[in-house]
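Biologist: I would like to learn how to read a model like this one. Please take me through it feature by feature.

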Amino acid sequence: MNLEFGLMLGGYGVGAVGALLMPGGRAGRGIAAFGMVWGGAAGLALSLQVLLGGAAFTLEVPTLLSIADGLAFRLDALGAFFLGLVGLLAIPCGVYGFEYVGAYEGRYSLRLLGAMLNMFLLTMSLVPCADNVLTFLLMWEGMSLTSYFLVLTEADEPDTIAAAGWYLAMTHVGLALALAGFLILAANATTTAFGDLRTAAASLTPAMRNTVFLLALAGFGSKAGIVPLHVWLPRAHPAAPSHVSALMSGVMIKLGVYGLLRIGLDLLGGGPAWWGALLIGLGALSAVVGVLYALMENDLKRLLAYSSVENIGLVFIGLGAGFLFLGLDATAAALVAFAAALYHALNHAAFKSLLFLGAGSVLHATRTRDMNRLGGLIRGLPWTAAFFLVGALAIAGLPPLNGFVSEWLLFQSLLPGIESRAPMVAPLMTLAVSVLALTAGLAAAGFVKAFGITFLAIPRSPAAECAHEAPVSMRVGMGILAVACAVFGLAAVAIMPALAAALAGSARLPVPVPGFGSGVSLSMPSGFARMSPTLVALGLILITGAAWLVVRLFASRWPVRVSATWGCGRVVQTPRMEYTSTAFAEPLRRVFAELYRPTQDLSIDFHPESRYFVQSIEYRSEIVPWFERYLYAPLVTRVRRWSIWVRALQSGSAHAYLTYLVIALLGLLTLLIVRPG
Amino acid sequence: MGYVLEVAQAALALALAPGLAGLIRWLKARLQNRRGAPVWQPYWELAKLFQKEVVVSSNASWLFRAAPFIVFASTTAVTFLVPILAVPLPFDGLGDLLVVVYLLLLSTFFLSLGGLDPGSPFGGMGASREMTVAALAEPTVALAIFALALAAGSTNLGQIVARTMADPGAFLSPGHLLAFGALFIVTLAETGRLPIDNPATHLELTMIHEAMVLEYSGRYLALIEWAAAVKLFIFFALLGNLFIPWGVSVVLTPTTVAVAVASLLVKLVVLAAVVAVLETRIAKLRLFRVPELLSVSFVLALLAVTSSFLLK
């Protein structure tokens, strides 16, 4: 057994068992955090070893659960990337969680939380290592169940139980679909090992290949949070403790991307070009829907969750471009597009978890996630504010941070589409480019709102006014991720070839990985464009410094006078005069009114003596949740109606159940006799 | 030599930008039968602002004071990347057209945060509107770039200019003309000109840019106003040199550089005159009609891309 693999299992194991056995308090929290950091570091080391060394790591335990080929692990470069993602986030989230969960003491079970968190990370780490269907599904289900319990942590909060219910239902529908896909794949194979499935996939009919791909897309798409299967995401992610939200948004939804790549790219080896077209369409829909709903959110964590839907949409656009180019035999362009999608997944993991941890610090300090009750936190929480600003700049795709680099790469990976003669390419590329740009602009607006309303101006509630800075371990956790955001932006030239190398060789992607520039200059292999995030950063710093120096030397030396904000003659400024989160998004709500269909409800309570005096005004405005109302509500009603029929079967009597068993057994045997072999 | 030219063109942009804003103001005044302030008035205003005392709101944080420098720096950084006098520039490989657009978005981002920071309702109003306009203008800019890039085979500015110069017929290609129209409307939106925003007013409930910078004073305001003028200069230079590249120097001799400066001045004056005439002829749009104008520019850009694909 590989040393790092053992250390990883050991780390998470120690964390889980230790958290259960230790008495509560600091020791229990400490051992859980320690397990996460240890396991994460070992996982990261293993992943780097495979990514840089190139040799896959294998481990088979056929005797364990031998009925379905036993447990088998094999970590290739594609899996190593996703394992690295888990490890990368486990460390800061572990460090952060140590003091974050301190506030839970006495309210919720820390033992359960610590153990579940470690098991969650362990199963997430093992999903990309799995090498046969049984192992994959076991780990996948473990990941889903542990995260379900993690979402349930704050079970006494309103909506948490409902959120967890949505999550459980969606994730199991997804599991069933993915399982069906695997079964079709395995129909011609001798065993369910991925290697055999890959060989057998070649002999499948095109119709079966398409079915497998669509099942995988629906199954893993529901985990990734692709529209319209995203409805659980903005419910479940905010309900979980913040460092769990960070892990769920940062890594877990990326494993949906992993599942899709494993089946679509690795096992099936790509397919017709319309697979890519479908992915681009779904990605574009998710990106636009995600960012538009994010803009309207007043709940900080829900805003971040909707923005995850947006970003996973961008990743799917990259994947779609990859499958499209692969289907059109432009393998070099496909490799670049897939690598750009992975790069965006990596970057999103860094900045989204940073933002969730930042939101956690805000929640920790003020006990509210409602931005209309926040404000002015930059004074009480200077560190959190600075880290959140880094995350906001990165997610808005602004240079020179990492979000900009991967959006640039996504954009550039679409340009080779011009070479293609296929008629579907032109509209798809145009759609993808306009969606990329629209979401970038709207995301910038959304994160000006998220940062500006939460951290700037006058506090809008007493809780925000006396907020205090997060404890050291939480700041360290955020700091690690903020540095990651900068490094992933500046070191693009080194990261991009590594990502391309992780994919090269699977399907028909070319093996000698093309160069992505040298030194500090990032360039596209197609020669389409060059840029250098490092030098842009350097330039920005130099010019800012120079401007500061010149102003310092030549401008007036009068000291800055601090005075009240100019207010058009009003006597005193109160927070009620400020722009709120709702007000900030109002122009965009009007622009996209066709989509939002806002309902407004204004009730004024006049003074009984005179209509010129108002006792209270209540304003309520809601936007239409399209997918919930028109897609899921009818579905849920129908399922409820059908379940009345099914209820008749469930009598509660053991005799009846035994009869069902016998009937089922007889049915299967009949099937075997009718269709031998 | 190339690096000297880089610094020279950035310096030229910084030096000429206030004059360009002054020129539009003067032309507008003449068109409206007013005498108008002299063209160099903005220079005196900047000099005065740099000498004035700074008043900062008691609600404002460090971000309020840092924002003007970041806004100024990110706008100035762009002047090193766009072809103002010559192609190819030594810094051409540092950033392409997308970097230019996102650097300008970076400056808008910080300007909006600076507007929100003092907690004034005007600042919030301006920030909210500015980000709305920026978000809606963004897809148009990207699509216009995409159209140019598809034609030129690169998003790097030097290559786009070189390609149009090599093939003068491309200047009249539908993709080119449509992209020009789209980018021209976006220029008006991004630089706060009529009919989107009125640069001549300070107190109007429809203002965008001025509302956002209302709390700024002294040297901070000077930096922001200067950056706004440079942004106008950049957009004019892009319109002038990307679409009508003649005059831009390709081989570096004193003559070609002189021709480049002269042709740049001519282009700037022509564009300034167009904007001045436009601002005299049309009224400001209601804020909620602005998206309609921007969607027109979006459709133009969309058509530009489609024609690039069809004619390739």
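Biologist: At what angle do helix α12 and helix α13 of chain A pack, and how far apart are their axes?

Modeller: Start with the general idea. Two packed helices are described by the angle between their axes and the distance between the axes. Axes are lines fitted to C-alpha atoms, for helices over the stretch in contact, and angles run from 0 to 180 degrees between N-to-C directions. Helices (H or I, at least four residues) and strands (E, at least two) are DSSP runs, numbered from the N terminus. Here, α12 (residues 300-327) and α13 (residues 331-366) of chain A pack at about 175°, and their axes are 7 Å apart. That makes α12(A) roughly antiparallel to α13(A). Angles under 35 degrees count as roughly parallel, over 145 as roughly antiparallel, 65 to 115 as roughly perpendicular and the rest as oblique.

Modeller: Two notes on conventions. The model is predicted: local features need pLDDT of at least 70, side-chain atom pairs count only at pLDDT 80 or more, and totals for chains, interfaces and linings use all residues. Residues are numbered from 1 along each chain as its sequence is written, while chains are lettered from A and ligands numbered from 1 in the order in which they are written.

Biologist: Which classes of residue make up the contact of α12(A) with α13(A)?

Modeller: Sort by residue type. Ala, Val, Leu, Ile, Met, Phe, Trp, Tyr, Cys and Pro count as nonpolar, Asp, Glu, Lys and Arg as charged, and the others, Gly among them, as polar. The contact of α12(A) with α13(A) has 19 nonpolar, 7 polar and 2 charged residues.

Biologist: Now chain B. How are α1(B) and α9(B) oriented to each other?

Modeller: They are roughly perpendicular. The axes of α1 (residues 2-31) and α9 (residues 218-243) of chain B cross at roughly 95° and come within 8 Å. Contact has a simple test: two residues are in contact if their C-beta atoms, placed from the backbone, lie within 7 Å. On the α1(B) side, the residues include B:Leu14, B:Ala17 and B:Leu20; on the α9(B) side, they include B:Trp226, B:Val230 and B:Phe233. This contact has 13 nonpolar, no polar and no charged residues.

Biologist: Is A:Ile317 buried or exposed?

Modeller: Count neighbours. A residue is buried if 20 or more other C-beta atoms lie within 10 Å of its own, exposed if 12 or fewer, and partly exposed in between; C-beta atoms are placed from the backbone. A:Ile317 has 34 within 10 Å, so it is buried. A:Ile317 lies in helix α12 of chain A. Beyond residues up to four places away in sequence, A:Ile317 touches A:Ile280, A:Leu410 and A:Val435, among others. Compare A:Thr211, in helix α8 of chain A. With 16 other C-beta atoms within 10 Å, A:Thr211 is partly exposed.

Biologist: Which residues touch the most other members of the largest nonpolar core?

Modeller: A nonpolar core is a set of buried Ala, Val, Leu, Ile, Met, Phe, Trp, Tyr and Cys residues joined through C-beta atoms within 7 Å. The largest has 373 residues, and A:Ala444 and B:Leu20 touch the most other members. Its largest share, 23 residues, comes from α13(A). Partners of A:Ala444 include A:Ala396, B:Leu105, B:Phe109 and B:Met131.

Biologist: How many residues does each chain give to the contact between them?

Modeller: Chain A gives 67 residues and chain B gives 72. On the side of chain A that touches chain B, α17(A) supplies the largest share, 15 residues. That side divides into 47 nonpolar, 14 polar and 6 charged residues.

Biologist: Which peptide bonds are cis?

Modeller: Read omega. The bond from A:Val227 to A:Pro228 is cis, with omega near 5°. A:Pro228 lies in the loop between α8 (206-224) and α9 (233-239) of chain A. The bond from A:Pro399 to A:Pro400 is also cis, with omega near 0°. A:Pro400 is in the loop between α15 (382-395) and α16 of chain A.

Biologist: What is the phi of A:Asp159?

Modeller: Phi is about 75°, a positive value, although A:Asp159 is not a glycine. A:Asp159 sits in the loop between α5 (133-151) and α6 (160-186) of chain A. A:Asp159 is exposed, with 11 other C-beta atoms within 10 Å.
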